[in-house]
Number of protein chains: 2
Amino acid sequence: MAAGQGTEIVHDAEYYVLERQHAEAWAEDDAAVDARLAEIRSANGGQPPNILYILIDDIGFGEIGTPYLNYVRGYETPNINEFAEDGLRMMRMYTEPSCTPTRVAFMTGRQPYRLGMAKTSVAMDGFGMAAEEVTLAEVLKAEGYNTSHVGKWHIGDIAESFPHNQGFDFAAFPVHQQAQLALFARASHEGNQMIGANYTQFDDKWVLDRSFRPVPGTMVTGLEAVAGELASEVDLQAGEEWTQAKYIEMNERYQRQTLEQLDALMAKDEPFFLQYWPLLPLTFTRSDVDQFTSPNGGFQTESMQKVDGWIGDILARLEEGGKADNTIVIIMGDNGNFTKYAPYSGYSPMIYRGGKGDATEGGVRVDAFIRWPAAIEADSYVGDMIHVADLFTTLARVAGGLEHLPTDRVIDGVDQTSMLLLGEGKGRRDTVFVYQSFNLAAVIKEHFKLNLADAGSNLVVAPFYDLLRDPGEKYPVSTPVGAWAASPFERILQRHMAWKQRYPDLPAAVDTPYSGIDNLRLETIQMRDEWLAWKRQIGALE
Amino acid sequence: MAAGQGTEIVHDAEYYVLERQHAEAWAEDDAAVDARLAEIRSANGGQPPNILYILIDDIGFGEIGTPYLNYVRGYETPNINEFAEDGLRMMRMYTEPSCTPTRVAFMTGRQPYRLGMAKTSVAMDGFGMAAEEVTLAEVLKAEGYNTSHVGKWHIGDIAESFPHNQGFDFAAFPVHQQAQLALFARASHEGNQMIGANYTQFDDKWVLDRSFRPVPGTMVTGLEAVAGELASEVDLQAGEEWTQAKYIEMNERYQRQTLEQLDALMAKDEPFFLQYWPLLPLTFTRSDVDQFTSPNGGFQTESMQKVDGWIGDILARLEEGGKADNTIVIIMGDNGNFTKYAPYSGYSPMIYRGGKGDATEGGVRVDAFIRWPAAIEADSYVGDMIHVADLFTTLARVAGGLEHLPTDRVIDGVDQTSMLLLGEGKGRRDTVFVYQSFNLAAVIKEHFKLNLADAGSNLVVAPFYDLLRDPGEKYPVSTPVGAWAASPFERILQRHMAWKQRYPDLPAAVDTPYSGIDNLRLETIQMRDEWLAWKRQIGALE
């Protein structure tokens, strides 16, 4: 059946180039995979596996999972290292280059530029992921899973985008991200992370526009909600100051809530999907580090050690609950580290060039480990290419829920179940398109990378990199690689663009900011009203 | 007793700063170490352990010993990885930034600028390590060891510098290095690694000086010798062309000879010291790669895979001989990779900046693993700082031969036996002086590094780096570190320089090139005669 013409999901064009060459082998592998999944399910009382997905903010490749590189960094992540040893290390996991895009790709299996969600917003904006998108939580829900989300969300500040309206039974999450929560507070100011944000800390005699600076404490902070209900802001009263101490307490609360949710989910009869997206290690001050526990001593590295301990507690709880064997646990970073704060944060690019926001590998390569004792060999590695969107399709298949995937739009996520169960060489992806916001910035095929941002439109002179010989993307091999690869890369681009004509990108959903929240503070309402007035005026000016 | 006043070896000044603070703890540790060494020796029939030292050319940090980074590079070193797992990973091993200096530091325990050996020569030069230097081979010989050297030597082209005149019973080695052996051959020319070296491959109408270019095939190649005898050149007849095939055969011969020597040494009653310094992975052509066995496919990475296999064979032979338990095996690189050939070689800087020749960490940090089943915990790590010169002193102590060390000169090598036997935190070094040839280029104290090359003489403005937060030395932290560290670093420099006044650096030994060789080819003799005539003339001109 032709792509997009029925019950099969629509992939990006490049997938079909591979399928044409491997259809027979893939069919054989799929039969083996189906048999194995049925076997495991039957041994698990007829149920598909539970899923626990831990996504760590701004942790790129090489920062967690191996003592070897812990020594380079001068800190320790023993719990994640042990976890990595018990599972499969996905050595070539690609994400999007920033928080929101990666999270959208995981939730929907779609690269975020397709649904207007390719930008990472740091303000109140009144947009988010549309209700029409089908999330992994919705897919799993349809297969009978109980679903919970705890921690960072960052996929929109409007009701329809909130996790409890996108497939989760329960959600505890901040509506925005850590810039607001950990930077817009006095401690960051005192730690020299903010200059000029506060009218009282400089002579404002040259200031004309008094609407330029944000008013501290007006944005909504942490929300909690159950499916179908309004959300409520918690732990901040009208007039109360948001502080770094509150940020740390918020993090501790999410850790507690993750454990509570895990206990509650394990006690039920149905399979569960628990998603924990901690806010730490992203922090910007040293004031909340009680005791320095690493030779590195950076504020983010110290926080990452704390998160590692928390993850250890969660894994121990899963073990105590007797669910470890039949729970798929994934621990990974969401993008490269936040180089803007290098090296004071404790991090700087190590193996791959660049970090968060960059189209170089340092922006989009992360540590990623998956453990499923009933099915996946311990202490194993795969070098096959995988993208975070692939987890959507793969987990949907493992849960038996492929039928719930939409077939009217492009799903970038490739089903990689064969790679998980049959091992290295069984992956089904050899291409990644790296978008920075809505711009195509790089194309990776096998281990060759074309830097489009520097290329103009002339592939004959565009820089190519060999990612194995040159992980740092510092030594262009444009002559020896470009000599034979410019033309095949041109074809890849043409296919990708032609497919976008057929399946056009959609805009994000738009609504009144903070819709669906039942207890907005007075200062929030005032700020929003001003924003709406300004928006109306700008609209009129246009 | 004051330093240099008797039977104690003389360290560099910085050692005494630490000793003053730790004398009591070190004395306790030494008592524990002595007791443990006696115990192990007694269990080994009263004998000290055998030593097998494998030094790999131009392999920097992260290239061998862990599958995690093998995946980054796209190649495999399974034998060394397994070896690393069976022993102790010395995560912070410093070498000198180039071949000759590192090898001199290991053999003498002295940084090479102290003995005129800090340059890496690529030509016939008529100088080398002096007979007055005391080598580890001589120390071990004095303790009753049988000693053999196979492979690269590169410590001089005069008789007194040759390994069989510096403590080895047997030696098979090329007198020069791989530039001559693997670059000065037709295959390298055809592989675009040489331009203009051959008068026949361009129109020489603009050439005036016909003595400028080397005459191919005139330098001495591989030598073999036993202690006290003249050396003989092997496998090259007068008039015969040196080829890449001969280079590969030379490598294979050294591998065979290492196995032969190992067999012979294991069959004897005395303990042994076998040194194997392979020439590969250093090679410059693709023509000798029969079959590409890695996704990387670089000429040096492919060769490194071959060397890994060879090392596996040697370790297996040691196991079969029943000697594995009481043999200290060390496998390490001699300096960072040869960035000049990046990324075509298959390598490029990965974690640390720079490579061979550089004073950045990429030049002087290497993978280093030590296995001694009778004494060292398997699958362990130490983050303590260690320098290749420390192996000299440490191995001398383990062999019971400290009494043979000279006490009239500075020995940079610190005794690190406590670190090997008692583990992390028991190291006795916190400073490394990085010399590029005879120039002090950087000073490292703990994880702070002062870049002197870029500093002028004003420490107040010199760039400091934090090596944990910034392994790539890209983000100077000169303000926050320099603010407190400029003055203590100044004191370190003053102490180092004052100590050099007391123990002045010595020149290298000088002699007629190729002295002590019994079968020089006619073309070699002619070339040497011209060189001597030219040297006399230059001398006259000066």
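**Domains and two-fold pairing**

User: How far apart do the C-alpha centres of domain 1 of chain A and domain 2 of chain A lie?

Analyst: In this predicted model, the two C-alpha centres lie 28 Å apart. At the contact, domain 1 of chain A contributes 23 residues and domain 2 of chain A contributes 22 residues.

User: Which residues make up domain 1 and domain 2 of chain A?

Analyst: The assignment places 13–204 + 222–436 in domain 1 of chain A, and 439–502 in domain 2.

User: What makes up the area buried between domain 1 and domain 2 of chain A?

Analyst: The buried area is about 2000 Å², and carbon and sulfur atoms give 53% of it. On the side of domain 1 of chain A, Arg353(A), Phe433(A) and Tyr435(A) supply 25% of the area buried against domain 2, more than any other three residues.

User: Why is the pairing of Lys445(A) and Asp430(A) called a salt bridge?

Analyst: The cut-off is 4 Å between a side-chain nitrogen of Lys or Arg and a carboxyl oxygen of Asp or Glu. Between domain 1 and domain 2 of chain A, the count is four salt bridges.

User: How many residue pairs are in polar contact across the interface of domain 1 and domain 2 of chain A, and which elements of domain 1 touch domain 2?

Analyst: The rule finds 15 residue pairs in polar contact across that interface, with both residues at pLDDT 80 or more. On the side of domain 1 of chain A, helix H1 (13–43) and strand E15 (431–436) each supply at least two residues. E15(A) gives the most, with six residues.

User: What makes up the interface of chain B and chain A?

Analyst: The contact takes 46 residues from chain B and 46 residues from chain A. The two chains bury about 3700 Å² between them, with 60% of that on carbon and sulfur atoms. Tyr68(B), Tyr71(B) and Arg469(B) supply 26% of the area that chain B buries against chain A, more than any other three residues.

User: How many salt bridges and how many polar contacts are counted between chain B and chain A?

Analyst: The count is zero salt bridges between chain B and chain A, whereas 18 residue pairs are in polar contact, both residues at pLDDT 80 or more. Helix H2 (67–73) and strand E13 (380–382) of chain B are the elements that give two or more residues to the side touching chain A. H2(B) gives the most to that side, with six residues.

User: What confidence scores does the model carry?

Analyst: The model scores ipTM 0.90 and pTM 0.94. Chain A averages a pLDDT of 93, and 97% of the residues score at least 70. Over residues 1–5 of chain A, however, the pLDDT is below 50, and this stretch has 11 contacts in the model beyond near neighbours in sequence.

Key
Residues are numbered from 1 along each chain as its sequence is written. Chains are lettered from A and ligands numbered from 1 in the order in which they are written. Side-chain values use heavy atoms; hydrogens and water are left out. pLDDT is the predictor's confidence in each residue, from 0 to 100. Contact means heavy atoms within 4.5 Å. Domain bounds come from an automatic or database domain assignment. Buried area is the accessible area (1.4 Å probe) that two parts lose on being put together, summed over both. A polar contact is a pair of N or O atoms within 3.5 Å; within protein, one must be able to donate a hydrogen and the other to accept it, and residues adjacent in sequence count only if both atoms are side-chain atoms. Helices (H or I, at least four residues) and strands (E, at least two) are DSSP runs, numbered from the N terminus.
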